[in-house]
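Welcome! Here is a friendly briefing to read alongside the model.

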Amino acid sequence: MMFKRYPYTIGLVAVISFIVCIVWLFTHDACAHPLGNGLAAWWAFIVVPTSFIAIVEEQGDEQ
């Protein structure tokens, strides 16, 4: 329901958070920050693609 109301806002936040996570992963050592890198990888590679799938599926229901 929420994705149907604000798809562009949620998509923009997802893209920005994806970029932040990728920058974090490239600039921090995995051994020094294992929890931060794990959360950044989880967000960038699991949560963001799943949210994009949900946005696309809910927008497809309107047509």
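What follows is a short tour, grouped by topic.

This is a predicted model, in which local features need pLDDT of at least 70 and side-chain atom pairs count only at pLDDT 80 or more, while totals for chains, interfaces and linings use all residues. Residues are numbered from 1 along each chain as its sequence is written, and side-chain values use heavy atoms, with hydrogens and water left out.

**Helix H2**

- Helix H2 covers residues 7-27, and Ser17 is part of it; helices (H or I, at least four residues) are DSSP runs, numbered from the N terminus.
- Ser17 counts as buried because its relative accessible area is 17%; buried means under 20%, exposed over 50% and partly exposed in between, with a 1.4 Å probe and protein chains only.
- A polar atom of the Ser17 side chain lies 3.0 Å from the backbone oxygen of Ala14.
- Leaving aside residues up to four places away in sequence, Ser17 touches Trp43 and Val48, where contact means heavy atoms within 4.5 Å.
- Ile10 also sits in helix H2, and it is buried because its relative accessibility is 17%.
- Ile10 and Phe52 are 42 residues apart in sequence, yet their C-alpha atoms are 8.9 Å apart in space.

**Helix H3**

- Helix H3 spans residues 34-60 and includes Trp42, which is partly exposed because its relative accessibility is 45%.
- Asn37 is found in helix H3 as well, but Asn37 is buried, with a relative accessible area of 9%.
- The side chain of Asn37 reaches the backbone oxygen of His28 at 3.5 Å.
- Not counting residues up to four places away in sequence, Asn37 touches Trp24, Leu25, His28, Asp29 and Ala30.
- Ser51 is another residue of helix H3, buried at 14% relative accessible area.
- A polar atom in the side chain of Ser51 is 2.8 Å from the backbone oxygen of Val48.
- Ser51 and Thr27 are 24 residues apart along the chain, and 25 Å separates their C-alpha atoms.

**The two cysteines**

- The structure holds zero disulfides, a disulfide being a pair of cysteine sulfur atoms within 2.5 Å.
- Cys21 is in helix H2 and is buried, because its relative accessibility is 11%; Cys31, in contrast, is exposed at 81%.
- Cys21 touches Ala40, Trp43 and Ala44, not counting residues up to four places away in sequence.
- Cys21 and Trp42 are 21 residues apart in sequence and 9.2 Å apart in space, C-alpha to C-alpha.

- Leu35, Leu39, Trp42, Trp43, Phe45 and Ile46 make a nonpolar surface patch of about 670 Å².
- Accessible areas come from the Shrake-Rupley method with a 1.4 Å probe, and for residues only the protein chains shown count as cover.

Conventions. Helices (H or I, at least four residues) and strands (E, at least two) are DSSP runs, numbered from the N terminus. A polar contact is a pair of N or O atoms within 3.5 Å; within protein, one must be able to donate a hydrogen and the other to accept it, and residues adjacent in sequence count only if both atoms are side-chain atoms. Patches are made of residues with over 30% relative accessible area and no salt bridge: like charges are joined within 9 Å, nonpolar side chains (Val, Leu, Ile, Met, Phe, Trp, Tyr) within 5 Å. A salt bridge is a side-chain nitrogen of Lys or Arg within 4 Å of a carboxyl oxygen of Asp or Glu.
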